[in-house]
Structures are given as structure tokens and as C-alpha cells.
Amino acid sequence: MVSTYRVAVLGARGVGKSAIVRQFLYNEFSEVCVPTPARRLYLPAVVMNGHVHDLQILDFPPISAFPVNTLQEWADACCRGLRSVHAYILVYDICCFDSFEYVKTIRQQILETRVIGTSETPIIIVGNKRDLQRGRVIPRWNVSHLVRKTWKCGYVECSAKYNWHILLLFSELLKSVGCARCKHVHAALRFQGALRRNRCAIM
């Protein structure tokens, strides 16, 4: 049986959320930053360890606030489907403090306004632009400790430009939404290298 998971990707302008998605799906990266004008839907099938999983990846433009109810969600075309996903990927730029504050605010709003009974919806915080490590504004340990210990969320740092930890991010995503067969996949190098024992492919 094929499992289907809906995933929302959110972040401030210019953090590289669309670049992460395109690197994952098409193995491509553009130096030109093109703002996401409207919600985009991608429908890849991911094969991992011999099992197929359908993903519905919704790449949202920056939103001013998380919709507090279904009426508000569907009144704004940019927010449609945002409250009913199985997981959230919140992306920030490790060189931009404001983008981390944006993620912090959106995460809190998600927790406060999500549909009753879905409080366990996984949230993964992603620090993009690891290739610009020297420009980091918050020490990695501080962010990791806050996200994992206090927020109880997953945390991954990646570089969309160099395709570093992109596969790791989506393996963590599958684990977080309850893919039982994926729970043993942990080591970044094994998954990033797409070795035979733990291979991932996009269909």
C-alpha cells in the first residue's frame, strides 16, 4: 500500500525554501532568487528502502500569519490547505536573524491555531544556506538545543545550493510522519549518498 503525506513548506522571503524543494525534486539550483508568488504543489513519489511514498509538497509564499480557522484559510488563496497537512517544514536563513524570528512566530501560531486533535503534527525546523557558515548569526548549538529540547521539533541544517543534507531532511520528514520502515534511517552519509541499502529515488 502506498502512503500519502501532505507537507507544507513555509519561510520568510529569500530563505531558499523553493530552492530546497527544487533541489530535492530536480537536482537543480539557481543563483537567481525568484519570490514565490503563489502556492505551488508538487506531487513526487519517493522510493525508499524499496517502498513507495507519495508526497504532496505545498510550497507557500511568505504569509503574514497562520490562518486561525478554516474560513480564514480558504478565504486566502495563498493559505489553502495549510491547516490540514501531515507535517510542516519551516525554513530560515542561518545568516538572517529576522528569518529565524519569522519561523519562531509561525511555529507558535501553528501550535495555537491548529485543528483540535492534531497537536502532534510534526514540525521540522530547517536552517538553510549552510554554505554561508561564516555569516551565521546564531550559534548552531543554541538553535539546535532550543528547537530539539524546548520546542520538541526536528532540526536539520542544509545547503540547497550544494545539495547538502537535502535528502537527510526528507528522510527525517518521513520518519516524523510515522513511516515505520523509515525509522532506522538515520545516518546522514548513508542516506545522502543514496547507497544501495538505504536508497531514495524520485519518480
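How many nonpolar, polar and charged residues are in the lining of the largest pocket? The lining divides into 11 nonpolar, six polar and nine charged residues. The close-up views below come from a predicted model, in which local features need pLDDT of at least 70, side-chain atom pairs count only at pLDDT 80 or more, and totals for chains, interfaces and linings use all residues. Residues are numbered from 1 along each chain as its sequence is written, and side-chain values use heavy atoms, with hydrogens and water left out.

**View 1. The largest pocket holds about 620 Å³ of space.**
A pocket is an open set of points on a 1 Å grid over the protein atoms alone, where a 1.4 Å probe fits, with protein on both sides within 12 Å along at least five of seven lines. Its volume is the space filled by probe spheres set on the points, which are joined across faces, edges and corners. Lining residues have an atom within 4 Å of a point. Here there are 26 of them, and Gly16, Ala19, Ser30, Val32 and Cys33 lie nearest the centre. Helix α1 gives the largest share of the lining, four residues. Ala, Val, Leu, Ile, Met, Phe, Trp, Tyr, Cys and Pro count as nonpolar; Asp, Glu, Lys and Arg count as charged; the others, Gly among them, count as polar.

**View 2. The second largest pocket holds about 450 Å³.**
Its lining has 25 residues, with Ile123, Ile124, Cys153, Gly154 and Tyr155 nearest the centre. Two or more lining residues come from each of α3 (97–113), β6 (123–128), α4 (140–150), β7 (154–157) and α5 (166–176). Helices (H or I, at least four residues) and strands (E, at least two) are DSSP runs, numbered from the N terminus. By class, this lining has 10 nonpolar, six polar and nine charged residues.

**View 3. Helix α1 is mostly covered.**
Seven of its 10 residues are buried, where buried means under 20% relative accessible area, exposed over 50% and partly exposed in between (1.4 Å probe, protein chains only). The buried residues are Lys17, Ser18, Ile20, Val21, Gln23, Phe24 and Leu25. Ser18 lies in this helix, which spans residues 17–26. Ser18 counts as buried because its relative accessibility is 13%. Leaving aside residues up to four places away in sequence, Ser18 touches Thr36 and Asp59; contact means heavy atoms within 4.5 Å. Just after α1, Asn27 has a positive phi of about 55°.

**View 4. Helices α1 and α5 cross at roughly 95°.**
Their axes come within 10 Å. Axes are lines fitted to C-alpha atoms, for helices over the stretch in contact, and angles run from 0 to 180 degrees between N-to-C directions. The two helices are therefore roughly perpendicular (65 to 115 degrees; under 35 is roughly parallel, over 145 roughly antiparallel, the rest oblique). Ile20, Gln23 and Phe24 of α1 meet Ile166, Leu167, Leu169 and Phe170 of α5. Six of these contact residues are nonpolar, one is polar and none is charged.

**View 5. Helix α5 is largely enclosed by the rest of the structure, because nine of its 11 residues are buried.**
They are Ile166, Leu167, Leu168, Leu169, Phe170, Ser171, Leu173, Leu174 and Lys175. Gly178 follows the helix, with a positive phi near 95°.

**View 6. Met48 sits in strand β3 (residues 45–48).**
Met48 is buried, with a relative accessible area of 1%.
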